[in-house]
Amino acid sequence: MTALGGPGTPDRGGLSSLPGSRARRRNDDRGSALRSTLVALVSTVLVFGVIVYVAVNSPGWPAVQASFFDKDIFWSSLPDIALAFLVNVQLFLIAEVLILVLALLLAVARSSTSAVLFPVRLMATIYVDVFRAVPGVLVIYILGFGIPGLNLPGIPTDPFLYAVFALTLIYSAYVSEVYRAGIASIHPSQTAAARSLGLSQAQALRHVVLPQAIRRVVPPLLNDFIGLQKDTVLVSYIGVIEIFRQSQIIESANFNFTPYLAVALVFLVVTIPMARFTDWLILRQVRQERGGGTALATLAGTPASGAGAVR
Amino acid sequence: MTAPALRIEGIWKSFGALDVLQGIDLEVAEHEVIALIGASGSGKSTLLRCINLLEPIDEGRIFIEGEEITGKGVNVDRIRRRVGIVFQSFNLFPHMRVLDNVTLGPRKVLRRPKADAEADAMRLLERFGLAEKANQLPDRLSGGQQQRVAIVRALAMEPDLLLLDEVTSALDPELVAEVLNVVRELAAGGMTMLIATHEMGFARDIANRVCFLDAGRILEQGPPAQIFAEPREPRTRQFLNRIIEAGRL
């Protein structure tokens, strides 16, 4: 029956027709996996060993060690830095929600096809072009100093508000492109099927296209939000006392750079889990779209694993 | 005399330089089942998509029960409620359960309460042997089951006219019969249908009338017995001979 090559037949079925070859292959696989792990371990230790060795033996090391790796300053600055990080977290959480909404509106506007909506499409396109072209720091500067500078009656002066506003404007441009790619990836036959039932264009978008598109773009969205997490430090330029500003304050009080190292560590701790989660989501999606076996092959996608060789 | 379920007058449709439909005239009476046959590219699918206004036509007029649907200012969404279409590739909504696929139209377009829509949908699913699949996602179903769900989804809107666009062409051979049986049952129930198909045996059994399309025109039409046994046009004869040679009739 396997000769028919039905959908369930593994590609490699024909290769292992000799008795015992399957078991032998499994042993080979296990052996080569062990070998690759060993090679990876040795090369990692070697590379990092050389880097550390070169750094520690450089002529300037004692000075760098004193100004970047001061244990006492590290521990004494950590509570203040952690507290200031809550400002970044707030900024991130509020901006994220606003970005998800604004970006979706932009993406829907840009994905529209009707002639009447041409001006909307044009405006959305200009918006995305402008905010992807101008460096984020400049947007933050211009908004954060420019608008309060107008001295209009009743206009808020809290830099936090302008920080949220600027980050939302900047990131909505990027995120809308992610959404738009998702919308474009849904086959037109889905819209046709929805319209054939009598759903309006808007209903087809709302009930059929967007739910599928959004599900598809969750991993790249998370990727953009990792970027947003880090870019919250940019608003320190307009006077928001957040983690980076706080570390600068401590730095200038002690003439020591160790607080920056503490900041870097804080970001590592929050960002890496998010990155791993994103990877896991992507893997799960690949598995769902290609069917069971292939995702495992992707996971174990080393050349030695056999499955990789088939691909 | 009541107006025909569907009347088509001189439809032309081109995609760029390619004239896909070149003046189609057709009248379909209520409860009539029409089979559209012809080679791939002869315009069968395009004709169906034009009738459902999924493709705008370049020239001509289409009437449903006497009401012109191709005029200016016609509400296309309202027309589509009355004309159901089932596609070759099913086009179920993969993110929705079978039941939600079937009730989406009734709930969002006909504004029916969810409970009512679901009760009716369950009755339809039951009738076509799909009740136990109601809570599953489409990708858990076989091709034949998916296509039956697609038919049920179209029926849930209670259309006056059902268009079937090569509904068995994407199916494995052993799954064709279950879908054709559904269509047979609909025909027996008096559903007015326009069926584009490559299943000649099926067309002969089920259709009141067979239309042979060639290069965007209806070259010949008549009762199945006449078309299949003694076609007048050489092109029709040629087409049917090729089908017979392929062992498909």
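**Chain A**

I started with chain A and read its elements from the N terminus on: α-α-α-α-α-α-α-α-α-α-α-α. The model is a predicted one, and I keep that in mind for every entry below. My tally for chain A is twelve helices and zero strands. I then looked up burial and found that buried residues make up 23% of the 311 residues in chain A. For contacts in chain A with a separation of 6 or more, I noted that 70% join residues 24 or more positions apart.

**Where chain A touches chain B**

I listed the contact between the chains next: 16 residues come from chain A and 17 residues from chain B. On the chain A side, helix H7 (188-196) and helix H8 (201-231) each supply at least two residues. I sorted the chain A side by residue type and got six nonpolar, eight polar and two charged.

**Chain B, the four-stranded sheet**

I traced an open sheet of four strands in chain B, in the order S2-S1-S4-S5, with antiparallel pairing. Strand S2 (18-28) and strand S5 (67-68) of chain B are the edge strands, each pairing on one side only. I checked what lies on this sheet and found helix H1 (residues 44-51) of chain B, which touches S1, S2 and S4 of chain B. The direction of H1 makes about 65° with that of S2(B).

I went through the pairs of strands in turn. S1(B) and S2(B) run antiparallel and are joined by eight bridges. One residue I looked up there is B:Trp12, whose bridge partner in S2(B) is B:Gln22. S1(B) and S2(B) form a hairpin with two residues between them. In that turn, B:Gly16 has a positive phi of about 65°.

On to S4: strand S1 (residues 6-15) and strand S4 (residues 59-64) of chain B are antiparallel, with five bridges joining them. Here I noted B:Arg7, which has B:Phe63 in S4(B) as its bridge partner.

**Chain B, the six-stranded sheet**

I traced another open sheet in chain B, of six strands in the order S6-S7-S8-S3-S9-S10, with mixed pairing. Strand S6 (83-86) and strand S10 (217-222) of chain B each have a single partner strand, so one side of each is left without a neighbour in the sheet. The twist from one strand to the next averages 20°.

I looked up both pairings of S3. Strand S3 (residues 33-37) and strand S8 (residues 193-196) of chain B pair in the parallel sense over four bridges, and B:Ile34 stands opposite B:Leu194 in S8(B). S3(B) also pairs in the parallel sense with strand S9 (residues 209-214) of chain B, over four bridges. In that pairing B:Ala35 stands opposite B:Val210 in S9(B).

S9(B) and S10(B) pair in the antiparallel sense, and I recorded five bridges. The bridge partner of B:Asp214 in S10(B) is B:Arg217. S9(B) and S10(B) form a hairpin with two residues between them, and B:Ala215 in the turn has a positive phi of about 50°.

**Helix H5 of chain B**

I found helix H5 (residues 143-155) of chain B lying across S6 and strand S7 (161-165) of chain B, at about 170° to S6(B). I checked the length of H5(B): its 13 residues reach 18 Å from first C-alpha to last, close to the 18 Å expected at 1.5 Å a residue. How many of the 13 residues of H5(B) are buried? I found twelve, so far as the count goes a mostly covered helix. The buried residues include B:Gln146, B:Arg148, B:Ile151 and B:Arg153. The buried residues of H5(B) pack against S6, S7, helix H3 (98-108), helix H4 (114-127) and helix H6 (173-188) of chain B.

**Two glutamates with positive phi**

I noted that most residues other than glycine have a negative phi. B:Glu65 is not a glycine, yet has a positive phi of about 45°. I placed B:Glu65 in the loop between S4 and S5 of chain B. B:Glu166 also has a positive phi of about 45°, and its place is in the loop between S7 and H6 of chain B.

Buried or partly exposed, I asked of B:Glu65 and B:Glu166? B:Glu65 has 15 other C-beta atoms within 10 Å and is therefore partly exposed. B:Glu166 has 20 within 10 Å, and 20 or more is the cut-off for buried, so B:Glu166 is buried.

Technical notes
Residues numbered from 1 in each chain as written. Chains lettered and ligands numbered in written order. Predicted model: local features only at pLDDT ≥ 70, side-chain atom pairs only at ≥ 80, totals over all residues. Pairing = 2+ DSSP bridges. Contact = placed C-beta atoms within 7 Å. Axes fitted to C-alpha atoms, helices over the stretch in contact; angles between N-to-C directions. Nonpolar A, V, L, I, M, F, W, Y, C, P; charged D, E, K, R; others polar. Expected span 1.5 Å × (residues − 1).
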